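These are my notebook entries on one protein model. I looked up a few things in turn and wrote down what I found.

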Amino acid sequence: MRNKKIAYPAVKYFLMVLLFITVLCPLGMVIATIRMEDIQELLEAGQLKTMLSHSIVVTGIATMISVLLALLLAWCINRSRMRWKGVFSVLFTIPMLIPSISHGMGLVLLLGDNGMLSNWFGIKIPLYGYLGMIMGSVLYSFPVAFLMLTDIFQYEDYTAYEAARVLGLSKAKQFWTITIPNIKRTLISTSFAVFTLIFTDYGVPLVIGGKIVTLPLYMYREVVGQMNISKGAVIGMLLLLPAVVAFVLDLRQEETTNSSTITKQYVVLKNKRRDRFAYFFCIVTVLLISLPVFAFLYLSIIKQYPIDPRLSLDHIKEAFQLGVGRYLKNSLAIALTTSFIGTVTAYITAFLTARSKRNWGTQALHLISMVSLAIPGIVLGLAYVLFFRGSWIYGTLMMLVLVNMVHFFASPYLLAYNSLSKFNQNLEDVAATLGIAPWRMLKDVYLKCTQKTILEMFSYIFVNAMVTISAVSFLADFRTMPLALLIPQFESQSLMESTAFISIIILAVNGLMKLAVFCLKRTIPDVTK
């Protein structure tokens, strides 16, 4: 028993040291690398101001559209009597299953100068530049906003709406005076999260930005193209700012948010006009976000677009000859290893912080665990180049596993933390009285009761490790390159058909993972019943 008591804090401190080395130390290296002459050069040349204005304009407009679209879709799902709500909710998340750069590619294939819709329907729009970047950013960011907003509608008390009906308030007034105040905090958090996601992405601007250069795109070109680490570090610190604001905001909200009491669940009344609108809007949205996927599929199986539309597997064969099979194995190895190690590490960390007494150790571990929320992937990748360059792990698949684990650590950690915090806080005292060790409680109680949460954690890390290009772009070489990084490489060589096929492969792999997790979750009994 004495050994178990010693091992318990030992694991906690080991995780603190591990996260300190893999999160805070690399970030410190980025700051230490910045040179004043590079800052002065960027300011004097006027580049910084121009790139910052480009980034703010694109991000601001795309964020507003994404959040409004997600809010309307969440309202349709939760405030109508439409059928197949679960199916629609899943279909809305399809854009999350492919890299952001693929959305830029999809828009080029559809609406570019020689795009499918451009040729078939005579649609001509100024795609390259602000318009294309905004459209691409909305495509891949609105599912994140939808997932954050859709659940909040379930926690509204219907009593306030009944009172409003008695007072004769219209539906519009009820929305602005009851619904919006109820979801205000979640709406603000969602807006910051989406803003950060778009602000730090270089995938869409790389493909469809034209002459407009954003901060992350400039950072990518400086570091990868010209190996100018110091200038990249300057831009990295700027990219960190909105994420830090969002991080601090989330911490403050966690401290100030009070649990609400729902006296009556929301009752959706009959309204055929509303339901018809909900069906129409959801169906149109699904069709629009599916168009890039159909374009990828069509381009992969024809001879040559637009010259020869005959069915052919030549491009698929060509893609495999160019190494797609090898890079797919790399991606699967990285995603699976990251998912296993990341899920175990995040769960044990959450167990230590949620199920032990609050002291400086657990509070510090909890804070460090969430710091990665405030570090964009492109900044983390640069930090790892600076910190681990020259070490035995640099240039290996384990390097990519480590950076992905840290990049996606915070969200699965919070999933486990929130689940474990729901258990009665006296369980540990009862277990100690009966002589049951903490790790025995973990094995026999918590793990069995949180199996669905663990599957969600695994799925989250796997999908994100398959689609990410930001955190790994500075660290991968031709031996360790994951499949997603072939997209910008093939795009630069005008291998559009092979690029489309890669997007389909990534979508299929992530779709199979989501399906497997869904089937496994259905076999797990609901412990709350």
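**Entry 1: salt bridges.** I searched the whole structure for salt bridges and got four. A salt bridge here is a side-chain nitrogen of Lys or Arg within 4 Å of a carboxyl oxygen of Asp or Glu. Side chains of opposite charge can pair when their charged atoms come close. The model is a predicted one, in which local features need pLDDT of at least 70, side-chain atom pairs count only at pLDDT 80 or more, and totals for chains, interfaces and linings use all residues. Residues are numbered from 1 along each chain as its sequence is written, and side-chain values use heavy atoms, with hydrogens and water left out.

I looked at Lys303 and Asp314, which form a salt bridge with their closest N and O atoms 2.9 Å apart. The pair links distant parts of the chain, eleven residues apart: Lys303 is in strand 1 (residues 302-304) and Asp314 is in helix 14 (residues 314-321). I take helices (H or I, at least four residues) and strands (E, at least two) as DSSP runs, numbered from the N terminus. For accessibility, I call a residue buried under 20% relative accessible area, exposed over 50%, and partly exposed in between, with a 1.4 Å probe and protein chains only. Lys303 is partly exposed, because its relative accessible area is 34%. Asp314 is also partly exposed, at 36%.

Next I looked at Glu456 and Lys521, a salt bridge with the closest N and O atoms 2.6 Å apart. Glu456 belongs to helix 22 (residues 451-467) and Lys521 to helix 24 (residues 496-523), so this pair ties together parts that are 65 residues apart in sequence. I noted 29% relative accessibility for Glu456, so that residue is partly exposed. Lys521 has 24%, which also makes it partly exposed.

I then found Arg479 and Asp477, whose side chains meet in a salt bridge at 3.2 Å, N to O. Arg479 is exposed, because its relative accessible area is 57%. Asp477 has 27% and is therefore partly exposed.

**Entry 2: cysteines.** How many disulfides are there? I used the rule that a disulfide is a pair of cysteine sulfur atoms within 2.5 Å, and by this rule I counted zero. I checked Cys282, whose closest cysteine sulfur is in Cys76 at 4.5 Å, so the two are too far apart for a bond. Is Cys282 buried or exposed? Cys282 is buried, because its relative accessible area is 0%. I also looked up Cys449, which has 32% and so counts as partly exposed.

**Entry 3: surface patches.** I looked for patches, which are made of residues with over 30% relative accessible area and no salt bridge; like charges are joined within 9 Å, and nonpolar side chains (Val, Leu, Ile, Met, Phe, Trp, Tyr) within 5 Å. Accessible areas come from the Shrake-Rupley method with a 1.4 Å probe, and for residues only the protein chains shown count as cover.

I found Lys270 in the loop between helix 12 (229-256) and helix 13 (272-300). Lys270 is exposed, because its relative accessibility is 73%.

I also found a nonpolar surface patch of Val57, Ile61, Met64, Ile65, Leu68 and Tyr130, with about 530 Å² of accessible area together. Which helix gives the most to the nonpolar patch? I see that helix 3 (residues 47-78) does, with five residues. Tyr130 lies in helix 7 (residues 130-150). Tyr130 is partly exposed, because its relative accessibility is 33%.

**Entry 4: helix 12.** I looked up Ser230 in helix 12. Ser230 has 6% relative accessibility and therefore counts as buried.

Lys231 is buried, because its relative accessible area is 8%. The C-alpha atoms of Lys231 and Ile34 are 7.2 Å apart, and the two residues are 197 residues apart along the chain.

**Entry 5: a backbone angle.** Most residues other than glycine have a negative phi. I noted that Trp84 is not a glycine and has a positive phi of about 60°. Trp84 sits in the loop between helix 3 and helix 4 (85-92). Trp84 is exposed, because its relative accessible area is 52%.
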